[in-house]
Every structure is written in C-alpha cells, then in structure tokens.
Amino acid sequence: MVLTAETVLPMLMNIYMMLFFLQIPNQHNAGAGGHQPAVFRMAELDADLDHILPSPVLPPFWAKLVVGLVAIVCFARSYDGDFVFDDSEAIVNNKDLQAETPLGDLWHHDFWGSRLSSNTSHKSYRPLTVLTFRINYYLSGGFYPMGFHVVNILLHGGISVLMVDVFSVLFGGLQYTSKGRRLHLAPRASLLAALLFAVHPVHTECVAGVVGRADLLCALFFLLSFLGYCKAFRESTKEGTYSSTFWVLLSIFLGAVAMLCKEQGITVLGLNAVFDILVIGKFNVLEIVQKVLHKDKSLENLGMLRNGGLLFRMTLLTSGGAGMLYVRWRIMGTGPPAFTEVDNPASFADSVLVRAINYNYYYSLNAWLLLCPWWLCFDWSMGCIPLIKSVSDWRVIALAALWFCLIGLICQALCSEDGHKRRILTLGLGFLVIPFLPASNLFFRVGFVVAERVLYLPSVGYCVLLTFGFGALSKHTKKKKLIAAVVLGIVLINMLRCVVRSGQWRSEEQLFRSALSVCPLNAKVHYNIGKNLADKGNQTAAIRYYREAVRLNPKYVHAMNNLGNILKERNELQEAEELLSLAVQIQPDFAAAWMNLGIVQNSLKRFEAAEQSYRTAIKHRRKYPDCYYNLGRLYADLNRHVDALNAWRNATVLKPEHSLAWNNMIILLDNTGNLAQAEAVGREALGLIPNDHSLMFSLANVLGKSQKYKESEALFLKAIKANPNAASYHGNLAVLYHRWGHLDLAKKHYEISLQLDPTASGTKENYGLLRRKLEQMQKKDV
C-alpha cells in the first residue's frame, strides 16, 4: 500500500477514536495502601488531560499497541527507499559488512570502515551498529535497501512502545504494588507524550536514513538502561529505599552497549545519576542552597547521603563511565578527528565571543526544530547558517528567547514548592539537555553545524515538557476543547509531515532537491544535486549546479574536482586545468584532484607536468591503483614501455581486479612482439578475473598470433557470448578463421562485424581480401 496524506488521515482518526471507546478497569487505586497521597496526586494531574484523552483511557498493552502502530505508519513510506546520502559510505562502500572482513576488524574500525588509528578517521566508534548492518547484508544476500529500511522502521516502533513505560515513570513516579509491580499512575500523560514522540518529524533522518540506525540503537539501549536503573528501586524497607546492585550494574552495562552503538549513549549514566539524586534521594536544591546560606547545621545530617546507598551507586556510575571512556580512548587513540572549517565554521572562529554566540544560536535552532519541525534538511553546513559576527545581528534574539525559556524552566524545576512539578521539569530538562551535550561543542569540536539525528533522544525531554505544559494550561483555562483541538492538530500535522518527509528520503534526487527551499545557500546541497545529475548522465545540468556550489563556497575542492572532470570529458581542457590547479592549491593533499589534473595535462601534451601531478597524487595516497594506471598510459604515450609496464603492474598489485591495467599490459606486450610474456600476463589476469570478456578478447588475439588456434577460438567465442554486439570481437575472430583456413566461418564473422560497425576500415579491407581469395578459389575449381 502506498502511504499518502489521503490514506494516513483516516488511519489516524480511527486510532484516535480508539482512545474514546476502549475501556479498562481503573488502576489508580491498585495496591495503593501506604501510598494513597501520592496516588491521589498523580490521578489529579492526569485528570488535567482528561479533555484530550477522555476517560476511560487505554490500558498499557493497548496504549503501546496504538503508539507502535502510529510510529510505524508515520515512516512506513520509506520502507522501499534507496540507499541515500551517507548510506553509500557507511554501507555500500563499507567492506566491514562483507564476509571477507573478519568480525574482529569491526572493533578496530570506525563507522565508515576505516582504521581508528588512521589520520583520516572521524573516530566514530560504533561497532555494534555496523554489526547489525552486516547481519542485514547477510540476511538480504547483498546490498538490498528494503531490509535495512524495514529494520529501522521497526526499531522506531519498538522505541516508541518503550516510551510509554519511560513516560509513565517520568510522569507517575515509582510506585509499586505489594507484589513488586510498578503502577502506571499517569496513563494519559504517558500515552500523549509517547504519541508526540512517535510522530515527531525530526526523527525522519534517523528512521528513513539507514545510517540513522546508530541513533535508534543508541536510544533503545539508553532507555533500557534508564528503565533498568529504575528497577533497582522496586523494593522498599522501613529504613528507606533499597537498591539492587544487580540492576545498577546491568544499567551500566546497557549504557556501555548504547555507547557502542553511538557515542551519545554514555550520557545515560549522567541521567541516571540525576534521577537518583533528585527523584530517589528527593534532593531539594533550593532547600539545600537556603541551608547553606543560613549555615544550617542540619546539612550535616542529610538523610539522602545515609539512606539507600546513594554514594555507593554514584561510585558505581562514575567508575563505569570512567571505565568506558578509558577503554574507548585506548581503542581510538589520542588523535582527535580531523574536521574542516566547512563542517563547523563556528568552531574555527578566532574570537571566543563569536564562537559562544554561534554555538548558542545553534542551540536555539535545535530547539526550533523540536518546536516547529517544518524546515528539515539533510545537511546544514556550508553556508546554510551564516555566522553571527556581531551582537547587532537580529538573530541574537533567538539566543535570548532560548535562554529566557530555559532559565524560566530551570527556576521552576529547582524552586517550585510542588515536588511533583519539580521532578517532572527536572527530568524533562535532563532528557532534553544531557543526551545533547556530546553535540554541543562544549567538550570537543563536532563535525556538523546542526544535525537532526542528534535530536532523537533530546526529543524525549521536549515531549515531557510539552505534555506537562498542556496539562498545566488546561488546568488554568476554561477553553479545554480548544486545547484538545490543538493537541490533535499537532499529532495530525506531524504525522502528515512524517509521511511527506519519509517520501523525500526515498531517493537522493528528492532528498537533495527538498533541501534547496530550506538551505539555498548550502553549497553541499548544490554539489549533491550536481553529482546525482552527473551519475545519471545529465552533464549540462550537473555543470550548472557544480558552478553554483563553487560560487557559494569558492574553496569547495570536491565541487571543483567533479566540475573539472566533466569539463575534461567535454574536451574543455583549459578551464578544467584551471579548476583542478586551484583545487590542489587550496588542498595540497587532494590526491584525486592531482590525478585528474595529470590526465588533463596529458591531454594537453604537457607530459612532464602530467608526470609530476601523478607522482604528487601517489605521494599523498600511496595505494592509488587508478593513478598508477594513468601514469602507465602516460609512459606508453612516451614509448617508455618498461615504465608503463611497471606502473600497470603496480596498479594490479594494489587492485587485482583492475581490468584496464591488465588489458593494457597484454596489448603493449603483444604490440612489442613479446607474445610469450603477453600470454603469461593474460592467463594470470583471467585467473583473477575469469569472467572479463575484454581480457578473453586480448588473450585470444595473442594466442591466435602464436598459432594456438583452437584455444584462441574458444576464448573468442566465450567473449562473444558475454558481449555479442562487439564488432571488434567478431572481426578479430574472422581474422583468426582467415589465418586458420576456415574461410566460410571467417566470411560469416566478417559480415556480422560489418553489420555491427559498417565504418570499420580494417574489417572492410580484410573482408575484401577474403572475398577475392574465395573468388579465385571458385575460378580455380571451375
């Protein structure tokens, strides 16, 4: 079924109607003995949302079913999408997914398949995520994207289901029956928050983009770690809260698993600590500050430090976190990832003030994406967000608005006399801020300006605050139907936006073009559109987008390189040389640009300069088979046959399946009369690439000249079977038959060759000789 706005709207209405008609027994008073005041408090708060999710509400099982279904429907449209954007590097070109790569290598490689010790590595260490890609590859039997996308969609559905339990803890607290079963004291709030999470459009990149699985897996184990930590407090004694060390240790282990899926996962330990101190320990910051200011001696007898083993649990969390960081540091090495100015221009600003202002502006943009996820883009770098260089820039207002709201929420979270309100706001802010810290540029430089994928976990905190806000607003207003309509409208609009955005992620062309309206100043957007057009053979349109990318970012060397390549193919050599020369001036270690510059210089008959360019490319990338191949072609043009053979041999050593290098070696040895050596090279090549028809053809020519007619014929016929429309294959087979004396077969294949290519002068000449010979034989017979 194709999901469109017309099909999604009725589905969501049906789901919403289920909220009205499914009935359950009231669970609020179950096992409430001894906890009656808390239960009553929760029921009162949940009643504030009664006009949005009318009573009776769904039981936990049905609530999870509805949330999971909604989550899957939102992103189901992406199930048959292609591999797009970063998927190519992380999956299609990642050798770690293939069986030939030992599983142990995954623990020493980064997310993109490069060694962590390499200077070019981005140091993103996510072996468990790569392992799931490898399993996907194995089960799918290759790089078939549907299986990868389905797993992502199901993961988001499962995480959304898990959110019902998480939000139940955040809104309802930890209250248990006498049998140790946790009570769902805020069913409406947890259901509404889970629905808001399930349909948030900012999640599209994580779900519809396969590489977003890192964020999904990290979120899954992050939430399991949090819920596991909560389970440590499901028993209580007269002296206070009892904690199970097993669950604390399990929570730390799950946090480590989350970190092995994505670096952000380690932050769950900080969240667990905040939860323990402020919720379990009932640590009142305002009260402590007041006592400190008044030098109150009761501080010396803080019960939270004596009861419940808080210090012991904090020690476990701290030790666990330190151990994770140490192990990761030993694996990753001390070298930081190498990012460029275009990746994160604010972090390269000389002024500390400019950096601080722009970082805070980025935070406000992230907040806006959570509040209004209408303008979404696959990439926010390269001029998409110009730097703020002065406090007179009007965008500073966004910073002020962000901190005004944050300070207000923090004050309410710390200073409110309502303990329940303090807890929800504190945990909401904790989920919002703590998982975002690794992307904040506070501790280390990150390789992006704004990235929607990093908001997957922080959106949990946003949903908490938004749901709490709806409850508080409905409590103090009489226009409850208006609030209900707003909530329903948000869910509907977000769901439709998810469906539309998922469709844009189904192909690179749609994804890149969707970014033009959001970030028209982003050079990378124009570059990617140009690359996509070039791959489809539309060079004229590709040139236009590449030129715009270079105009927007005059130092965009990759755009210059690709544009130079197209101009080279169109024989516009002068401009191609200028562009490629500029690219290597800007980035002297850009090996691909040096090689392409050498190709252009070779075409311009500037052989010394071309050789120098090739040598420079190899200097910067020692394992560069294509450059050795082109260097060999240069030497062949200069009749430096030994150097050409050595260069091509280097290419085949580095890349044994380099068919062009093998072919050129065979042809050069054949043309110089070294038939025995040509035959040996040809057999070696076919041993490595047995199904390459061009190698069969070249070796067949050599064998024919060596009068090994039978073997030559077999190779020619095999090559023709693989590529029946190659005129030269038929023509050279005809020559073989001509020499061999099989004149009728020679005539047949000459005629086939001329039908395929009537302009082949050599074939015409040989066919004429054969016809004259056949005529002479006929006259002689007569």
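# Exercises on a predicted helical model

Of the contacts in the protein with a separation of 6 or more, 66% are between residues 24 or more positions apart, where contact means heavy atoms within 4.5 Å. This is a predicted model, in which local features need pLDDT of at least 70 and side-chain atom pairs count only at pLDDT 80 or more, while totals for chains, interfaces and linings use all residues. Residues are numbered from 1 along each chain as its sequence is written, and side-chain values use heavy atoms, with hydrogens and water left out.

## Exercise 1: The overall picture

Task: state how many helices and strands the protein has, and what percentage of its residues count as buried.

Solution. 
- Step 1. The secondary structure comes to 35 helices and two strands. Helices (H or I, at least four residues) and strands (E, at least two) are DSSP runs, numbered from the N terminus.
- Step 2. Of the 782 residues, 52% count as buried. Buried means under 20% relative accessible area, exposed over 50%, and partly exposed in between, with a 1.4 Å probe and protein chains only.
- Step 3. The accessible surface is about 36,800 Å², and carbon and sulfur atoms hold 60% of that. Accessible areas come from the Shrake-Rupley method with a 1.4 Å probe; for residues, only the protein chains shown count as cover.

## Exercise 2: Salt bridges between separate elements

Solution. 
- Step 1. The cut-off here is a side-chain nitrogen of Lys or Arg within 4 Å of a carboxyl oxygen of Asp or Glu.
- Step 2. The structure holds 25 salt bridges. In one of them, Asp-165 meets Lys-64 at 3.0 Å, N to O.
- Step 3. Now check the cover: Asp-165 is buried at 15% relative accessible area, whereas Lys-64 is partly exposed at 22%.

Solution. 
- Step 1. Arg-126 is buried, with a relative accessible area of 14%.
- Step 2. Asp-670 is in helix H29 (residues 659–671) and Lys-705 in helix H31 (residues 693–705), 35 residues apart. Asp-670 counts as buried at 11% relative accessibility, while Lys-705 is partly exposed at 40%.

## Exercise 3: A helix pair

Task: classify the packing of helix H9 (residues 213–231) and H10 from their axes.

Solution. 
- Step 1. Two packed helices are described by the angle between their axes and the distance between the axes. Axes are lines fitted to C-alpha atoms, for helices over the stretch in contact, and angles run from 0 to 180 degrees between N-to-C directions.
- Step 2. The axes of H9 and H10 come within 8 Å and cross at roughly 170°.
- Step 3. That makes H9 roughly antiparallel to H10; angles under 35 degrees count as roughly parallel, over 145 as roughly antiparallel, 65 to 115 as roughly perpendicular and the rest as oblique.
- Step 4. Look at the residues in the contact: among them are Phe-221, Phe-222 and Tyr-229 of H9 and Trp-247, Val-248 and Leu-254 of H10.

## Exercise 4: Loops with positive phi

Task: locate Lys-605 and Gln-707, and decide whether each is buried or exposed.

Solution. 
- Step 1. Lys-605 has phi near 65°, a positive value in a residue other than glycine. Lys-605 is in the loop between helix H25 (591–603) and helix H26 (607–620), and is exposed at 62% relative accessibility.
- Step 2. Gln-707, also not a glycine, has a positive phi of about 65°. Gln-707 lies in the loop between H31 and helix H32 (709–722), and is exposed with a relative accessible area of 58%.
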